[in-house]
Amino acid sequence: MRSISVCTSLALLALFMVPLATAAPSVEVVFNNPEKFSDASLDSPGYERGADPYVMKELRSYIQKLGERYLPADQQLQIEIRNIDLAGRYEPWRINAYEVRFMRDITWPSIDLHYVLKLNGQIVNQADARVMDQFYLQRPGRANRSDRLYSEKAMLSDWFRRQFAGQHQSGLN
């Protein structure tokens, strides 16, 4: 009888020591007509329109991480990306013209989107937004970054923080 009581107590103790799963905020990212995006490809030669899978995967993943960092667990965010224009341009008159994006003051990144923010399923806010960073070349630490989408991610991070930052913040890798 005593061993049953001890086993039950140990089982309950173990149950309480397991951290309870907390609901993470829901962030859904949809790309609307990515084949028509202005300039969202790092892998296509020249000025072909459209987005490549790498760019869409990286930006979707990054936006979802931003949601985990800045949104409370009871909020849901839907983002429809309508156009992407990556930082820099290919310059066809140069050697290796379609392997290097040349960054200039006039080739800043921009993303057109529509977002819907919900709290417990009810719409709290929705709007169209044009996210851009005209001063992307002046970002500190920019030269040391090897991320091919560094400018776009930094721009989205700034916008997301201004737009959605609340009390919930956790680390972002």
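A nonpolar core is a set of buried Ala, Val, Leu, Ile, Met, Phe, Trp, Tyr and Cys residues joined through side-chain atoms within 4.5 Å; buried means under 20% relative accessible area, exposed over 50%, and partly exposed in between, with a 1.4 Å probe and protein chains only. The model is predicted: local features need pLDDT of at least 70, side-chain atom pairs count only at pLDDT 80 or more, and totals for chains, interfaces and linings use all residues. Residues are numbered from 1 along each chain as its sequence is written, and side-chain values use heavy atoms, with hydrogens and water left out.

**Stop 1: the core.** Select Leu-77, Ile-79, Ile-81, Ile-84, Trp-159 and Phe-160; of the 32 residues in the largest nonpolar core, these touch the most other members. At least two residues of this core come from each of β1, α2, β2, β3, β4 and α3. Helices (H or I, at least four residues) and strands (E, at least two) are DSSP runs, numbered from the N terminus. The largest share of the core, seven residues, is supplied by α2.

**Stop 2: Trp-159.** Contact means heavy atoms within 4.5 Å. Setting aside neighbours within four places in sequence, Trp-159 is in contact with Ile-79, Leu-113, Tyr-115, Ala-129, Val-131 and Phe-164.

**Stop 3: the sheet.** Next, show the four strands, which form an open sheet in the order β1-β2-β3-β4 with mixed pairing. β1 (26–31) and β4 (122–132) are at the edges and have a single partner strand each, so one side of each lacks a neighbour in the sheet. Two strands pair if DSSP finds at least two bridges between them. Strand β3 (residues 110–119) runs antiparallel to β4, and 10 bridges join them. To see one of these, select Val-116, whose bridge partner in β4 is Gln-126.

**Stop 4: helices on the sheet.** Select residues 53–70: this is helix α2, which packs on the sheet and touches β1, β2 (75–85) and β3. Then select residues 150–164, helix α3, which packs on the sheet and touches β2, β3 and β4.

**Stop 5: the faces of α2.** Which residues of α2 are buried? They are Val-55, Met-56, Leu-59, Tyr-62, Ile-63, Leu-66, Gly-67 and Tyr-70. Seen down the axis of α2, the buried residues fall within an arc of 145 degrees, so they line one face of the helix; the arc is that of the directions from the helix axis to the C-beta atoms. What covers these buried residues includes β1, β2, β3 and α3. Finish on the other side of α2, where Pro-53 and Lys-57 are exposed.

Definitions and conventions:
Axes are lines fitted to C-alpha atoms, for helices over the stretch in contact, and angles run from 0 to 180 degrees between N-to-C directions.
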